[in-house]
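Visitor: I am new to this structure. Please show me how to read it, feature by feature.

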Amino acid sequence: MTKRIALVLVLLLSSAVVVRAQSTAFTYQGHLTDGGVSASGNYDIQFTLKNALTGGVTVGTPLSAAPVAVANGIFTVTLDFDFLPFDGGERWLEIGVRAFGSAAAYTVLVPRQKLTSTPYAIKAFSATSITDGESANNVFPVQGMVWIKPGRFVMGSRAAVPGQPEEFLRLVNEGPQTVVTLTKGFWIGAHEVTQAEYQMVMGSNPSIFTGDTNRPVEMVSWVNAVSYCTTLTTTERMAGKIPEGWSYRLPTEAEWEYCCRAGARTTRFAYGDDLTSASLMNYAWIAQNSGGTTHPVEQKLANAWGLMDMHGNLWEWCLDYDSENLPGGSVTDPRGPLTGSFRVIKGGGWSSQQGAGFLRSARRIGQGTNNGRDYIGFRVVLSPNLPP
């Protein structure tokens, strides 16, 4: 298999200018990583405006491929397209990347980024490349999802270190550490499902913390979250965006922790051990900075895989039943117990105390499936159907 550039393109800023004479210019600032490391150097980045998700006629004028200087991952370009006046139709920005001077074809980042309303503001967070054969080419995830490659990591807490404060010690149900191999790649939401997204799919918003529909949805039980995934699957399949054999669902506990850790990291948090939790508020809404409420998604720093709010804002439902402890040894594609009374939630939330250990990657708690709480939300995975 030919190696392709592995890239994550994260939108940091988009600002649109008023439409004049059927022309719109906006500044696009992004963060480019290559192999998980912030890129530096010259890249060819090609932007193409389309009027359909999967092709259709290209509208406007594509930005000519040219060397784009990237420093510590950051680059800024000005895009200037000719638009017809906004007619409510879809517009999609397709982004292609390749190494400067390469003769290879552009790696097209997916999901494409949708432009909405006058003046065609970009409404998307990230786009991630995939390698041939890892995800079907007829799968088009909803906006704001990140492709996660298969891999291996260590799940659970490390053994306690003498002299650590008690709140940093491993809890009984966080061990023994278990080597987990995930053999299939999957898409996962870069952020928790928002109230707007939930309302669009389910026609209602059960949340207590309203006023900004970019806040994550809460007061959603495990049963409600599964129903959301089922309905979204049906809708997207009917629209031709995912084929039979693919579906939206909750992440397994192993998938969730793999994504939180961004791979093989064994530190307390995705960004490091941070034994004093001094940096935690840069990544998470917790009791000390939340003001007793949830906050809109995409406000805190992302982990190395472009995922936000894996720590804090809301605890998140996982697919698995809760278990008394981890299996230990080495396991492949684990699914948790076959039966149980509680499902796993992970990640901590807006009411979790700094330094109390609730927000660590390994922390796991069980909740009843019908419990909707103002501190529990969820994010979704898109993958080939799991075996029964």
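The dialogue below takes the features in turn.

Visitor: What kind of model is this, and what pLDDT does the protein average?

Guide: This is a predicted model. The protein averages a pLDDT of 80. Of its residues, 72% score at least 70.

Visitor: Where does pLDDT stay under 50?

Guide: Start with the general idea. Where pLDDT is low, the predicted coordinates should not be read in detail. Here, pLDDT stays under 50 over residues 1–22. The model has 75 contacts beyond four places in sequence for that stretch. Residues 117–133 also stay under 50. For them the model has 74 such contacts.

Visitor: How many helices and strands does the protein have?

Guide: There are 3 helices and 23 strands. The protein has 388 residues, and 51% of them count as buried.

Visitor: Which residues of the largest nonpolar core touch the most other members?

Guide: In soluble globular proteins, nonpolar side chains tend to be buried together. In this structure, the largest nonpolar core has 25 residues. Y228, Y248, L250, W317, F378, V380 and L382 touch the most other members. β13 (145–148), α2 (222–238), β17 (246–249) and β18 (315–321) each supply at least two residues of this core. α2 gives the most, with 5 residues.

Visitor: What does V380 touch?

Guide: Leave out residues up to four places away in sequence. V380 then touches M145, W187, I188, G189, V193, Y228, C229, Y248 and R249. There is also a second, separate core of 22 residues. F153, M155, L326 and V331 are among its members.

Visitor: At what angle do α1 and α2 pack?

Guide: Two packed helices are described by the angle between their axes and the distance between the axes. Helix α1 spans residues 195–202. The angle between α1 and α2 is about 65°, and their axes are 10 Å apart. Their crossing is left-handed.

Visitor: Which residues meet there?

Guide: From α1 come E197, Y198, V201 and M202. From α2 come N224, S227, Y228, T231 and L232. By class, this contact has 5 nonpolar, 3 polar and 1 charged residues.

Visitor: Which residues have a positive phi although they are not glycine?

Guide: Most residues other than glycine have a negative phi, and most peptide bonds are trans. D309 has a positive phi of about 60°. D309 sits in the loop between α3 and β18. D333 has a positive phi of about 45°. D333 belongs to the loop between β19 (329–332) and β20 (342–346).

Visitor: Is D309 buried or exposed?

Guide: D309 is buried, with a relative accessible area of 2%. D333 counts as partly exposed, at 33% relative accessibility.

Visitor: Where is the cis peptide bond?

Guide: It joins G175 and P176, with omega about -5°. P176 lies in the loop between β14 (151–155) and β15 (178–182).

Visitor: Where does G306 lie?

Guide: G306 is in the loop between α3 (253–261) and β18. G306 counts as buried because its relative accessible area is 6%, and the cut-off is under 20%. The C-alpha atoms of G306 and A190 are separated by 6.5 Å. Along the chain, G306 and A190 are 116 residues apart.

Terms used:
Residues numbered from 1 in each chain as written. Heavy atoms only, no water. Core = buried A, V, L, I, M, F, W, Y, C linked by side-chain atoms within 4.5 Å. Buried < 20%, exposed > 50% of the residue type's maximum accessible area, 1.4 Å probe, protein only. Helix = DSSP H or I, 4+ residues; strand = E, 2+ residues; numbered from the N terminus. Contact = heavy atoms within 4.5 Å. Axes fitted to C-alpha atoms, helices over the stretch in contact; angles between N-to-C directions. Left-handed = near helix turned anticlockwise from the far one by under 90°. Nonpolar A, V, L, I, M, F, W, Y, C, P; charged D, E, K, R; others polar. pLDDT = per-residue confidence, 0-100.
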